[in-house]
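The sequence and structure follow.

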Amino acid sequence: MIIVSNVSHHIGRYAILKDINLSLDRGQVVALIGPNGAGKSTLFSLMSRLTPLQSGSIGFDGLDITTTPSQTLAKTVALLAQENYLQGRLRVEELLMFGRYPYHQGRPSEKDKQIVESVVARFELESLTKRYLSTLSGGQRQRALVAMIVCQDTPYLLLDEPLNNLDMYHAGQLMRLLCSLAQEENKTVVIVLHDINHAAQFADTVVMMKAGQVIQTGHPAEVINRESISALYGIDVTVLDYNGRPVIVDTR
């Protein structure tokens, strides 16, 4: 379980997060949605300890991020940030093995190699393993980066806009794969999404954020409606029902 308690964050005199409280159960896909500047990426940065906590607490299965050793946390939480600065002279297979570093510490075992091979197959990356990152398209590179995070094999995955640069086929494939990780392997996937229909179709829980605050939390069918989308984004939409899931149509 992820417990976020009374977390606030300021940059100078600007409040980026204001008293965030969340309790998220294991084994589900959680979608964070909201307009630009809502604080979603900042919350991720705090949860992964890339940015120090200023107030409040964050825990994963009882492990407090401020006191848990880095090596233990690296086997608990994996983060894909919006910005990645990995070297272009790295091959895809080397990138994926880098995701195993918390376990092999530079000396990959047969198990590490098997996990990487399995993830390569799941992500349909067989034709790319020998390619350098600098030769990949934006979508190919994004798929490789997400695959690296999955290779880390943590119970918690934090993915900040992982659908960037992905076409319709690969975006759908990735969301289905993330759902299978949650359902079959009891992993908790927390994902920032700007495509509300992807959140509505695939997420078990939606967290709505605006201006540094959590506005609503619940199943997509419970919280995604015309009124909530209007409050969140300031636009008028039509919300349809398809198999018990909302579908948002911008009718402006």
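Contact here means heavy atoms within 4.5 Å. The model is predicted: local features need pLDDT of at least 70, side-chain atom pairs count only at pLDDT 80 or more, and totals for chains, interfaces and linings use all residues. Residues are numbered from 1 along each chain as its sequence is written, and side-chain values use heavy atoms, without hydrogens and water.

**Sheet**
- Helices (H or I, at least four residues) and strands (E, at least two) are DSSP runs numbered from the N terminus, and two strands pair if DSSP finds at least two bridges between them.
- An open sheet of six strands has the order β6-β7-β8-β3-β9-β10, with mixed pairing.
- Its edge strands, β6 (77–80) and β10 (213–218), each pair on one side only.
- From one strand to the next, the twist averages 15°.
- Strands β3 (residues 29–33) and β9 (residues 205–210) run parallel and are joined by four bridges.
- Isoleucine 33 stands opposite methionine 208 in β9.

**Helices across the sheet**
- Axes are lines fitted to C-alpha atoms, for helices over the stretch in contact, and angles run from 0 to 180 degrees between N-to-C directions.
- Helix α10 (residues 226–233) lies across β3, β9 and β10, at about 35° to β9.
- Helix α6 (residues 138–151) lies across β6 and β7 (156–160), at about 170° to β6.

**Helix pair α5 and α6**
- The axes of α5 (residues 110–122) and α6 come within 10 Å and cross at roughly 140°.
- Ile115, Val116 and Val119 of α5 meet Ala147, Val150 and Cys151 of α6 in the contact.
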